[in-house]
Amino acid sequence: MAALAWLLIPLVAAIAAGLWGTWANRTRKVRGDGPELDGYARFRAAMEKSHEGARGA
């Protein structure tokens, strides 16, 4: 009987994790890639700038 109890612990934990994941994801809004792509474009623009003081170092 003790072995059955030890086998039920992971089963109950998996069910609880599934329920929590469903509950945690219920209000998540779908977001596009817009903000990430805008940030990447700003990063690329900053990296492409040439700095006069950095060249002769």
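Some questions and answers about this predicted model follow.

Modeller: Residues are numbered from 1 along each chain as its sequence is written, and side-chain values use heavy atoms, without hydrogens and water. In this predicted model, local features need pLDDT of at least 70 and side-chain atom pairs need pLDDT 80 or more, while totals for chains, interfaces and linings use all residues.

Biologist: How many helices are there in the protein?

Modeller: Helices (H or I, at least four residues) and strands (E, at least two) are DSSP runs, numbered from the N terminus. The protein has zero strands, and its helices number two.

Biologist: What share of the 57 residues counts as buried?

Modeller: Buried means under 20% relative accessible area, exposed over 50%, partly exposed in between (1.4 Å probe, protein chains only). Among the 57 residues, the buried share is 0%.

Biologist: Which residue forms a salt bridge with Arg 44?

Modeller: A salt bridge is a side-chain nitrogen of Lys or Arg within 4 Å of a carboxyl oxygen of Asp or Glu. The structure holds one. Its closest N and O atoms are 3.4 Å apart.

Biologist: Is Glu 48 buried or exposed?

Modeller: Arg 44 is partly exposed, at a relative accessible area of 42%. For Glu 48 the relative accessible area is 57%, so this residue is exposed.

Biologist: Which helix holds Val 12?

Modeller: Val 12 has a relative accessible area of 53%, so it is exposed. The helix spans residues 2-24 and is H1.
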